[in-house]
Amino acid sequence: MSASPVTLMVARRVAKERYPHFTRWLNEGRHLAADFPGYLGSGVLAPPADDDEYQIIFRFSSAETLAVWEHSASRRAWLARGQGLFDAPHEHRAVGLDAWFQANSPAPPRWKQAVAVWLAFFPVSLLFHWLFGSTFASWPMLSRVMVSTLMLTPVMVFVFIPLSMRLLAPWLEGKVSPLEALQRCFSERST
């Protein structure tokens, strides 16, 4: 049995004028996956304003639990109900942290991965401690760390690290310099 969680990333280009139907269908699929053993979560990254390709992420505890969901009759029926809502999907599987970095293989060097994760984690952690630090200040260190990591990990895994990967993708792929990547990141956020 696989010891590492497995992430299935699917890119789906939504058919014109089908966004509301696609969104409902997608939420149905996420609820369906949640009923399967080994399901760890899912997320959706909406496309930028000038694109129509959604990135959908399903995470399971192992390759085996993902396979059970993928080959289930209920998933096949769900996919059949989605016919006509999107073009042929592009799928990619990744194990462990590489899931965030291998959407456009090959994965970037580990030092770039570390920088991208830190750029996502630092501001969120800083904001958390600024907002809640005084509340937890009198708690023992073990309790403070446990509560903060329990609260921050899902937010980081499903929102901010995927967002960081998307915003920094040109730099991670070696297409732009670090300065250009940061400029793009801030210009996208301001629009």
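Guide: What follows is a conversation about terms and the values behind them. This is a predicted model, in which local features need pLDDT of at least 70 and side-chain atom pairs count only at pLDDT 80 or more, while totals for chains, interfaces and linings use all residues. Residues are numbered from 1 along each chain as its sequence is written, and side-chain values use heavy atoms, with hydrogens and water left out.

Visitor: What makes E53 and R13 a salt bridge?

Guide: The term requires a side-chain nitrogen of Lys or Arg within 4 Å of a carboxyl oxygen of Asp or Glu. The closest N and O atoms of E53 and R13 are 3.4 Å apart, so the pair meets that cut-off. E53 lies in strand β3 and R13 in strand β1, so the bridge ties together parts that are 40 residues apart in sequence. Strands here are DSSP runs of E with at least two residues, helices are runs of H or I with at least four, and both are numbered from the N terminus.

Visitor: How many salt bridges does the structure hold?

Guide: The structure holds two. In the one between E28 and R81, the N to O distance is 2.3 Å. E28 belongs to helix α1 and R81 to helix α3 (residues 73–81), so this pair ties together parts that are 53 residues apart in sequence.

Visitor: Why is E28 called partly exposed?

Guide: Buried means under 20% relative accessible area, exposed means over 50%, and partly exposed is what lies in between, with a 1.4 Å probe and protein chains only. E28 has 33% relative accessibility, so it counts as partly exposed. R81, with a relative accessible area of 46%, is likewise partly exposed.

Visitor: Which residues touch the most other members of the largest nonpolar core?

Guide: A nonpolar core is a set of buried Ala, Val, Leu, Ile, Met, Phe, Trp, Tyr and Cys residues joined through side-chain atoms within 4.5 Å. The largest one has 19 residues, of which F22, W25, F58, F60 and W69 touch the most other members. The elements β1 (6–13), α1 (19–34), β3 (53–60) and α2 (63–70) each supply at least two residues of this core, and the largest share, five residues, comes from α1.

Visitor: What is F22 in contact with, leaving aside its neighbours within four places in sequence?

Guide: Contact means heavy atoms within 4.5 Å, and on that basis F22 is in contact with R12, V14, Y54, I56, L85 and F86.
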